[in-house]
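Try each task on your own, then follow the solution step by step.

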Amino acid sequence: MDGYASGVHHHGRSKEVSWSRTFLTQAALCFFLFAAFKIGEPQIEVPLSSAPAPDLGTVRSVEPSTDFYFLSVAGGSRPIESQSWLLKQMEMFAKIYKPKFVLNVAQLGEEDPLWHNATHHPELLKMPWYTTTASKGRGIGNFMKKIELPYDQVLEIIGIDTGVFQNLLQNETNNTDFKEQIDWLRQTLASTTADWRIVVGFNPLVVCNKQNNKEATKLWGLLQDIFLRYRVNAYLSTNGCSSYIYRDLGISYIEHLRPTDKLHSGFLLHGVSPLDIKTYLVDSKGRVKLKYSFTQQGRGAI
């Protein structure tokens, strides 16, 4: 009896030791996987490619997880056929999802040709268009729009005239213009109590390796510090590097393709819920090519 009891006890200890080793091994693997993801910031980068993007479906494939949508698109001049297809698809999505406004990421502000041609599409005129500017003036294209969401939250859209930043890099403006623009951005963000904070500007802020220089890097670092301090969730712009989505330190940098890109054309549909914002890249044929989401805490996922 004693021998049998001893044998059973020894067998139980072996299982316990084996289980402990398995647990420790799995914990170590999880740690190294976590470290691998963290070391590689930015954690999410979706590259542009000359190959066709995967087709995720058509207009009805967007998840009806929210009752608040808005559109965003890169302004500018396009060939008549491309422009017509783009506006028709935007109008079709507008009829189904009832977006509350359009962000027109443009260089020319109210003189933008896409905006002028959109006036021929009645469905697109049922909502306001907020248009950016990249001027050579002192931030004349700045704006701030506060949007009440249907679940006791607030979305704030802050448009900045990025022409001042680009002119500074090209030595076409002085430090006074730059300082005024930075001060306006700081003061605007400091005064907001919005749950969601999205900054939008024509020029991309991500520095590409091919064009990296000290001035651009310094400017990029300064703006990123401001975004981090005032809890900006995302920055929307036209594309400048090789990605649609670039996430760094919890901030999502979402780029729109310029009209000169012959391989891709489309717009973005954004769905805002209490927990996250889902962004869908839609091509000029109405096909959903990419889905991305991010939260107020900066987590993002494809």
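## Exercise 1: Rings that pair

Task: find out how many aromatic pairs there are, then classify two of them.

Solution. Step 1: the count comes to 13 aromatic pairs, where rings of Phe, Tyr and Trp (its six-membered ring) pair if their centres lie within 6.5 Å, with planes under 30 degrees apart called stacked, over 60 edge-to-face and the rest tilted.

Step 1: take F93 and F267. Their ring centres are 5.4 Å apart and their planes stand at 85 degrees, so this pair is edge-to-face. The pair links distant parts of the chain, since F93 sits in helix 2 (residues 80–97) and F267 in strand 11, 174 residues apart. Helices (H or I, at least four residues) and strands (E, at least two) are DSSP runs, numbered from the N terminus.

Step 2: check the cover. F93 has a relative accessible area of 0%, so F93 is buried, and F267 counts as buried at 1%. Buried means under 20% relative accessible area, exposed over 50%, and partly exposed in between (1.4 Å probe, protein chains only).

Step 3: now take Y130 and F143. This aromatic pair is tilted, with 6.3 Å centre to centre and 40 degrees between the planes. Y130 belongs to strand 4 (residues 129–131) and F143 to strand 5 (residues 143–148), 13 residues apart. Y130 is buried because its relative accessible area is 16%, and F143 is buried at 13%. Together with F68, F70 and F101, these two residues form one aromatic cluster.

A word on the model before you go on: it is predicted, so local features need pLDDT of at least 70 and side-chain atom pairs count only at pLDDT 80 or more, while totals for chains, interfaces and linings use all residues. Residues are numbered from 1 along each chain as its sequence is written, and side-chain values use heavy atoms, leaving out hydrogens and water.

## Exercise 2: The whole protein

Task: describe the protein in a few numbers, starting with its helices and strands.

Solution. Step 1: the secondary structure comes to six helices and 14 strands. Step 2: of the 302 residues, 49% are buried. Step 3: look at the contacts (heavy atoms within 4.5 Å). Among those with a separation of 6 or more, 70% join residues 24 or more positions apart.

## Exercise 3: A covered strand and its partners

Task: which strands pair with strand 6, and in which sense?

Solution. Step 1: locate strand 6 at residues 154–159, where six of its six residues are buried. In a regular strand the side chains alternate between the two faces of the sheet. Here V154, E156 and I158 point one way and L155, I157 and G159 the other, and all are buried.

Step 1: strand 5 runs antiparallel to strand 6, joined by six bridges; two strands pair if DSSP finds at least two bridges between them. Across this pairing, I147 stands opposite L155. The hairpin of strands 5 and 6 has five residues between the strands, and D152 takes a positive phi near 60 degrees there.

Step 2: strand 7 (residues 196–200) runs parallel to strand 6, with five bridges. R197 in strand 7 is the bridge partner of E156.

Step 3: Leaving out residues up to four places away in sequence, I157 touches F101, L103, F143, M144, K145, I147, I198 and V200.

## Exercise 4: Buried or exposed?

Task: is L275 buried or exposed, and which residues does L275 touch?

Solution. Step 1: L275 lies in the loop between strand 11 (266–272) and strand 12 (276–283). Step 2: its relative accessible area is 67%, so L275 is exposed. Step 3: beyond residues up to four places away in sequence, L275 touches W196, T295 and Q296.

Step 1: turn to T295 in strand 13 (residues 288–295). The C-alpha atoms of L275 and T295 are separated by 6.2 Å, although the two residues are 20 apart along the chain. T295 has a relative accessible area of 16%, so T295 is buried. Apart from neighbours within four places in sequence, T295 is in contact with W196, N233, L275 and D276.
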